Amino acid sequence: MSDATDTGPVLAADGTPLKRSLARALRAQKMRALALIAPLLIFVLLTFIAPIADMLFRSVENQIVSETLPKTVVALKDWDAKTGEAPPEAVYAALAADLQVAVAAKEHTKVGIRLNYQKTGVSSLFRKSGRQVKKWDLAADAPFKEKFLDVDEDWADVELWQIIQTYSSKYTSGYFLNSVDMELGPDGIRPVDENLAIYNLLFKRTIFMSLAIMGSCVLLGYPIAFLLANLPLRTSNLLMILVLLPFWTSLLVRTSAWKVLLQQQGVINDILVWIGLVADNDRLVMINNQFGTIVAMTHILLPFMILPLYSVMKTIPPTYVRAAKSLGATNWTAFWRVYFPQSVPGIGAGCILVFILAIGYYITPELVGGTDGTFISNRIAYHISRSGNWGLGAALGTILLAAVLILYWVYDKIVGIDNVSLG
């Protein structure tokens with residue numbers, strides 16, 4: 001009788017090797033988990049990742065010039081703008097051929113609008129020229145340089161041809177340069193005219209006012225959250241309804257209410273005049289400036305600071321403070337040394353929420369900010385919805401996104417994202 005033992009693989013109940021059976025079961029489990037999160041993943045990709053990717057692409061995309069004027073772009077490669085003379089006849093002939101095709105496809109106005117971002121009047125020049133070029137016979141109406149100059153003398157402008165040459169590549173850094181008050185010229189990068197330099201100021205103002213709004217929300221929200229966390233449950237629930245009540249009112253209504261309250265003939269100024277703190281002919285200017293924006297946005301974003309603070313404070317055992325007092329600590333020492341450090345995660349969460357929401361607001365600054373209280377987001381909205389300069393709007397949005405990520409990284413290094421808690 002043999003004493004040999006079976007040294008083969010361990011089998012599952014169905015006779016397959018146990019290792020293979022476990023691997024198959026693990027794959028099935030992963031597929032089920034993926035199927036459960038697939039709707040959410042698709043939603044995030046379509047509504048968050050895809051728009052950001054599109055924004056990044058639009059901030060550097062510049063294909064309209066090269067695709068609409070392909071022959072002109074090639075002909076301009078041999079032209080030297082430093083001579084100070086308009087391009088030769090071959091360039092105008094190429095432009096005539098390109099414009100005829102573009103007019104038939106109704107694309108000439110688009111390239112005109114794109115170049116109009118760099119030089120005012122180009123859009124109307126392309127529209128006017130398009131109406132004439134479509135009537136020309138490319139085989140019999142040469143030379144075309146004189147014909148273009150008959151349409152408009154601006155076709156002899158060397159700066160115009162320099163712009164077409166400079167922005168003929170498929171991708172450009174011009175939008176990002178414009179976003180920091182610079183521009184891409186024939187001779188390289190240069191600052192824009194001082195009268196047009198507004199974006200650096202808007203970025204600085206946006207960061208400063210967002211930080212100011214965040215700070216005011218901390219100063220106002222911390223005592224309220226502390227009160228809610230230490231009151232009896234019945235009373236704190238009633239007061240919490242008052243905190244959440246603004247969410248039940250339209251943002252537009254709340255902002256409009258602040259316009260009524262803060263204007264020079266508004267309720268607040270009337271009360272100050274009535275009690276004698278302000279003279280009737282010297283009423284305070286609290287609207288259409290930075291003060292009005294900070295006040296209105298602090299009121300709107302205050303619940304986003306109170307809720308994280310309250311949820312964290314509610315988890316702090318009151319016995320810690322009582323123990324500190326029993327060991328001889330004063331009320332202030334017990335609060336500052338024992339209670340406050342435990343509430344820091346709530347402060348961090350509230351600051352992140354308020355700052356990120358504030359930096360992207362544009363409705364409230366538009367209504368109560370005037371010229372001194374608007375954010376960079378107002379300019380982004382203008383370029384996307386009104387001027388049609390999607391490239392510049394995308395570049396501004398990309399820079400704003402990068403600024404938020406950098407500040408988030410700095411916050412993580414100083415405070416630590418692990419110390420942030422929503423309760």
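1. A residue counts as buried when its relative accessible area is under 20%. By that cut-off Tyr222, with a relative accessible area of 10%, is buried, whereas Phe335, at 21%, is partly exposed. These values, like those that follow, come from a predicted model.

2. Tyr222 and Phe335 also form a ring pair, with centres 6.1 Å apart and planes at 85°, so the pair is edge-to-face. Because Tyr222 belongs to helix H10 and Phe335 to helix H16, this pair ties together parts that are 113 residues apart in sequence.

3. Helix H10 covers residues 199-230 and helix H16 covers residues 331-359, and they pack at an angle of about 135° with their axes 9 Å apart. H10 and H16 are therefore oblique to each other, and H10 passes H16 in a right-handed crossing. On the H10 side the contact includes Thr206, Ile207, Ser210, Leu211, Met214, Tyr222 and Phe226, while on the H16 side Phe335, Tyr339, Phe340, Ser343, Ile347 and Phe355 are among the residues that take part. Sorted by class, this contact has 18 nonpolar residues, 4 polar residues and no charged ones.

4. H10 also meets helix H19, which spans residues 390-414; the axes of these two helices come within 12 Å and cross at roughly 35°. The crossing in which H10 passes H19 is right-handed. The residues that meet are Tyr199, Phe203 and Ile207 in H10 and Leu392, Leu396, Ile399, Leu400 and Leu407 in H19, and by class this contact has 8 nonpolar residues, with no polar and no charged residues.

5. Turning to aromatic rings in general, a search of the whole structure finds 18 aromatic pairs. One of them joins Phe126 and Trp155 in an edge-to-face arrangement, 5.5 Å centre to centre and with 65° between the planes. Phe126 lies in helix H6 (residues 122-133) and Trp155 in the loop between helix H7 (144-151) and helix H8 (158-166), so the pair ties together parts that are 29 residues apart in sequence. Phe126 is buried, with a relative accessible area of 0%, and Trp155 likewise counts as buried at 0% relative accessibility.

6. Phe126 and Trp155 also belong to a cluster, in which ring pairs link them with Tyr92, Trp136, Phe144, Phe148 and Trp161. Thr72 has its place in helix H3 (residues 70-76) and is buried, with a relative accessible area of 0%.

7. A last point concerns Ala329, which lies in the loop between helix H15 (318-326) and H16. Ala329 is partly exposed, with a relative accessible area of 26%. Apart from neighbours within four places in sequence, Ala329 is in contact with Ala324 and Ala334. The C-alpha atoms of Ala329 and Ile64 are separated by 71 Å, and these two residues are 265 residues apart along the chain.

Key:
Residues numbered from 1 in each chain as written. Predicted model: local features only at pLDDT ≥ 70, side-chain atom pairs only at ≥ 80, totals over all residues. Heavy atoms only, no water. Axes fitted to C-alpha atoms, helices over the stretch in contact; angles between N-to-C directions. Helix = DSSP H or I, 4+ residues; strand = E, 2+ residues; numbered from the N terminus. Parallel < 35°, antiparallel > 145°, perpendicular 65-115°, else oblique. Left-handed = near helix turned anticlockwise from the far one by under 90°. Contact = heavy atoms within 4.5 Å. Nonpolar A, V, L, I, M, F, W, Y, C, P; charged D, E, K, R; others polar. Buried < 20%, exposed > 50% of the residue type's maximum accessible area, 1.4 Å probe, protein only. Phe/Tyr/Trp six-rings, centres within 6.5 Å; stacked < 30°, edge-to-face > 60°.
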